[in-house]
Amino acid sequence: MRIGRRRFLVLSLGAAAFGKARATEPLWSALRSGEAIALLRHAAAPGSGDPPGFRLGDCSTQRNLSQEGRAQSRAIGDLFRANGISTAAVYSSQWCRCLDTARLLGIGEVVPLELLNSFFGDSSAGEKRTAALLAWLRGQRFGGPAVLVTHQVNITGLTGEVPDSGEMIIARIHQANPVQVIGHVATPA
């Protein structure tokens, strides 16, 4: 019996993570039910920030996903499916590395959302942009799984956590209380 490479990878990841699966099941359950959201830092993209003169909508001027980042994005999508999430509301920063990560997940139509755009080059905008994103999140009723693909600075501003590339922070958004981080889902190997 021959197993395809991708299926083998998913099965291997699943077997290797079996012990961790029980620990992360409450996180996946919270995502499936819509009581929590996934804040996903874009997958591996070599470097930091963007080149001078980069332009949104022109990927040739931006820092983009590496081959590893593209594979990582597909593996994250496989991880969602392996945990019972085959479709989700997917929102993304307008940066190409985020849009590509979101599309390669393969779990839903990607909606570009300016509120998820990086403020790395303008830290003075961080507090205002984070407050606007939090207000938007408090106004949403996703009714099921929701994934927001964005940048480290945005996730850190919202949660205080510093995710690795491709790492998810699972959080509950409360109407009056601060964002409640309920866990992390590590980057698939």
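1. The model is a predicted one, in which local features need pLDDT of at least 70 and side-chain atom pairs count only at pLDDT 80 or more, while totals for chains, interfaces and linings use all residues. Residues are numbered from 1 along each chain as its sequence is written, and side-chain values use heavy atoms, with hydrogens and water left out.

2. Strand β1 (residues 37-41) is also joined to β4 by four bridges, and the two run parallel, with L39 opposite L148 in β4.

3. Five of the five residues of β4 (residues 146-150) are buried, so the strand is largely enclosed by the rest of the structure; buried means under 20% relative accessible area, computed with a 1.4 Å probe on protein chains only. In a regular strand the side chains alternate between the two faces of the sheet. Both faces of β4 are covered, with A146, L148 and T150 buried on one side and V147 and V149 buried on the other.

4. Helix α3 (residues 67-82) and helix α4 (residues 96-105) pack at an angle of about 40°, their axes 7 Å apart, the axes being lines fitted to C-alpha atoms over the stretch in contact and the angles running from 0 to 180 degrees between N-to-C directions.

5. In the contact between these helices (heavy atoms within 4.5 Å), R70, S73, R74, I76, G77 and R81 in α3 meet D100, T101, L104 and L105 in α4.

Methods
Buried means under 20% relative accessible area, exposed over 50%, partly exposed in between (1.4 Å probe, protein chains only). Two strands pair if DSSP finds at least two bridges between them.
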